[in-house]
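Colleague: I would like a close look at one part of this model, the place where the two protein chains meet. Please take me through it in one connected answer.

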Protein chains: 2
Amino acid sequence: MESTTSQSLFRPAQIGRASEDVAVQIEAAIMSGQVRMGERLPSERNLQVLFSTSRGVIREALRALKQKGLIEVRKGAHGGAFVKTLEVLNASEPLALFLKQQQVSYENIIEFRESMDRTIALLAISRGEEKDKHCLLEQTVAFEKLINEPAPNMETVAEMLGQLNLIFVKMTKNPVFEMIMRTIQIGFSSQDQTLYEHAVYRFEAALNWRETARQIIACEALKTLSCISYHYALLQHCLAEKK
Amino acid sequence: MESTTSQSLFRPAQIGRASEDVAVQIEAAIMSGQVRMGERLPSERNLQVLFSTSRGVIREALRALKQKGLIEVRKGAHGGAFVKTLEVLNASEPLALFLKQQQVSYENIIEFRESMDRTIALLAISRGEEKDKHCLLEQTVAFEKLINEPAPNMETVAEMLGQLNLIFVKMTKNPVFEMIMRTIQIGFSSQDQTLYEHAVYRFEAALNWRETARQIIACEALKTLSCISYHYALLQHCLAEKK
DNA sequence: CGTCAGTATTGGTACGGCCATTAGAAAGCT
DNA sequence: AGCTTTCTAATGGCCGTACCAATACTGACG
C-alpha cells in the first residue's frame with residue numbers, strides 16, 4: 001500500500017525551515033523515481049503525520065513544489081497532489097522572467113536567436129525528413145497567404161509563427177534545441193510580433209520564410225543561412241525603427 | 001508610508017485558489033516596479049488585512065514567490081519579504097530539472113553544447129578583450145598544472161572548470177549565452193567530470209583547453225573551432241566507453 | 001437498469017495561539 | 001561619555017482546530 005512505502009520514505013522534518021525540508025524530501029522522492037509519474041502523494045493530513053508536522057507546513061511545501069511544476073493538485077475525494085510530467089512552460093518561465101528583469105537588450109536576444117537558428121538550420125537540412133521539410137514549406141505558404149490578407153489577425157499570426165518555428169526546430173531531432181528555443185520565445189514572442197505589425201516588413205519577412213524553406217529542401221546550407229541572417233536583419237531594422 | 005501605497009495596490013483575493021491570486025498580484029506589483037528592488041513587502045499580518053484573507057493564504061503565496069526567486073524572507077524584527085534581484089541559479093534550476101526528467105540523451109546535450117561553444121568561441125575571438133583572453137590562458141595553464149598533480153582533487157577540478165567556462169562565455173559580452181550555458185552546466189556538470197576522472201582523457205583535455213586559449217589569442221577562428229570539436233570528441237568517446 | 005440523494009474523503013480557508021529570532025531602545029555599568 | 005547588557009516589540013515559523021466546497025463512490029429508490 002501507499003502508506004507502507006511512504007512510512008519508510010520520509011523522515012520527520014525538524015531543521016530551520018520545515019517546509020523547505022519537506023519540499024526537498026518529496027522532490028527527492030519524485031526525482032529518484034520512488035513516486036512514479038501520475039501517481040498520487042499521500043493526502044495532506046497523511047503527510048502531516050508522516051513528517052510529524054502541521055498541515056500548514058505541508059501545504060507550504062506543496063505550494064513550492066507546485067510552483068516548481070513538479071506536482072498538480074486536485075481537490076475533492078480521491079484528490080491530492082499528483083506527480084506531473086514537467087512542461088516546457090514551467091521550466092522556461094523563470095528563465096524568461098530573469099531575462100526580463102535583467103533587461104537584457106534586444107540586440108543580445110537577437111544575436112542569440114540568430115546563432116541558434118543557424119545551427120538549427122544546418123541540422124534541419126541534414127536530419128530533417130523529406131516529409132517535415134515539405135510540411136514546413138506548406139506552412140510557410142499558408143503563412144504568406146495569411147500575411148497577404150488585408151487585415152491579418154495578429155493572434156493567428158502569432159500562432160502560425162509558433163507552429164512554424166516548432167516544425168523547424170523539431171527537424172533537428174534534438175529536444176534540447178526545442179526547449180531553449182521555446183524558452184526564449186516565451187519571454188520574447190512580442191519581439192517577433194512587431195516584425196509583422198509593420199506592412200513594410202511583413203511581406204518581406206513572410207516571403208523570406210518561404211525562401212528559407214525552399215533552400216532547406218534544396219539542401220543549400222549557405223543560402224539557408226543567408227535567409228536566416230536576412231530575417232534577423234529585418235527584425236533588427238524594425239526594432240531600431242520602433243525605438 | 002508603506003501602508004498607504006499598499007492599500008491601493010492590492011485588492012482582496014476571492015477567486016478559486018486565493019493564494020495564487022495573491023501571488024499573481026504581488027508579482028505584478030514587483031515586476032511593474034511598484035515595489036522596488038530590495039524593498040520590503042508589508043508583513044504577513046499586514047498583507048492578511050490588505051487582501052482580506054487568512055495568514056495561511058499569504059504564507060502560501062509568499063512560498064510560491066520565494067520558490068520563483070522573486071523574494072527573500074528574513075525573520076525577526078524588521079524582517080519580512082524583501083524583493084530580490086533574480087539570480088541565474090533560480091532561473092536555471094527549473095530548466096535543468098526539466099532536462100533531467102526528460103532524460104535527454106547525453107549525445108543531445110553534447111551536440112547542443114558543442115554548437116553553443118562554437119558560437120561563443122567566435123564571439124570571444126572578435127569581442128574578448130586582450131586582458132580577458134590572457135586571463136583565460138592563465139587559467140588554462142593553472143588548470144593543466146592541477147590536472148598533472150598525482151591525485152587532483154575533483155572538487156577543485158570542477159570549480160576551476162566552472163571558472164574557465166565562465167571567463168570564456170563572458171567574453172561574448174552577451175549575458176544570454178552566459179545564462180543558457182550555466183543552465184546546461186547546472187544540470188550536467190557531472191558529464192564534464194567524467195572526462196577528468198580517466199587519466200587517459202584528463203591530460204589530453206587539459207592540454208586542449210590551453211591550446212584553445214592560445215588559438216583564441218591568435219584570433220585563429222578555424223583552429224579554435226577545431227579545438228572545441230576535439231574537446232567534445234574526447235568527451236563523447238569517454239562517455240561511450242563508460243556505458 | 002438508471003437516477004438521484006447521501007456520504008466520506010480531500011483540498012481550501014479562517015482564526016487563534018505560542019515560540020524563536022531579531023533589531024533597536026532602554027537601562028546599567030565602568 | 002561610552003560601552004555593555006537587558007528589555008521590548010515586531011515578525012516569521014509553527015501548531016491545532018474548525019468549517020466549507022468540491023468530488024467520487026455508494027446505495028437506496030423509482
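Which residue of chain B meets the side chain of A:Glu60 in a salt bridge?

Modeller: The partner is B:Arg59, whose side chain meets that of A:Glu60 in a salt bridge at 2.7 Å, N to O, the rule being a side-chain nitrogen of Lys or Arg within 4 Å of a carboxyl oxygen of Asp or Glu. Before going further, please note that this is a predicted model, in which local features need pLDDT of at least 70 and side-chain atom pairs count only at pLDDT 80 or more, while totals for chains, interfaces and linings use all residues. Residues are numbered from 1 along each chain as its sequence is written, chains are lettered from A and ligands numbered from 1 in the order in which they are written, and side-chain values use heavy atoms, with hydrogens and water left out.

Across the interface of chain A and chain B, the rule finds 10 salt bridges, and 18 residue pairs, both at pLDDT 80 or more, are in polar contact (a pair of N or O atoms within 3.5 Å; within protein, one must be able to donate a hydrogen and the other to accept it, and residues adjacent in sequence count only if both atoms are side-chain atoms). On the chain A side, α2 (18–31), α4 (55–68), α5 (88–101), α6 (106–127) and α9 (175–197) each supply at least two residues, these helices being DSSP runs (H or I, at least four residues) numbered from the N terminus. The largest share of that side, 11 residues, comes from α5(A). By residue class, the side of chain A that touches chain B divides into 24 nonpolar, 12 polar and 15 charged residues, where Ala, Val, Leu, Ile, Met, Phe, Trp, Tyr, Cys and Pro count as nonpolar, Asp, Glu, Lys and Arg as charged, and the others, Gly among them, as polar.

As for its extent, the contact takes 51 residues from chain A and 52 residues from chain B, contact meaning heavy atoms within 4.5 Å. Together the two chains bury about 4,500 Å² between them, 64% of it on carbon and sulfur atoms; buried area is the accessible area (1.4 Å probe) that two parts lose on being put together, summed over both.

To place this within chain A, the domain assignment gives domain 1 (2–83) and domain 2 (89–242), with bounds that come from an automatic or database domain assignment. The centres of these two domains of chain A, taken over C-alpha atoms, are separated by 40 Å.
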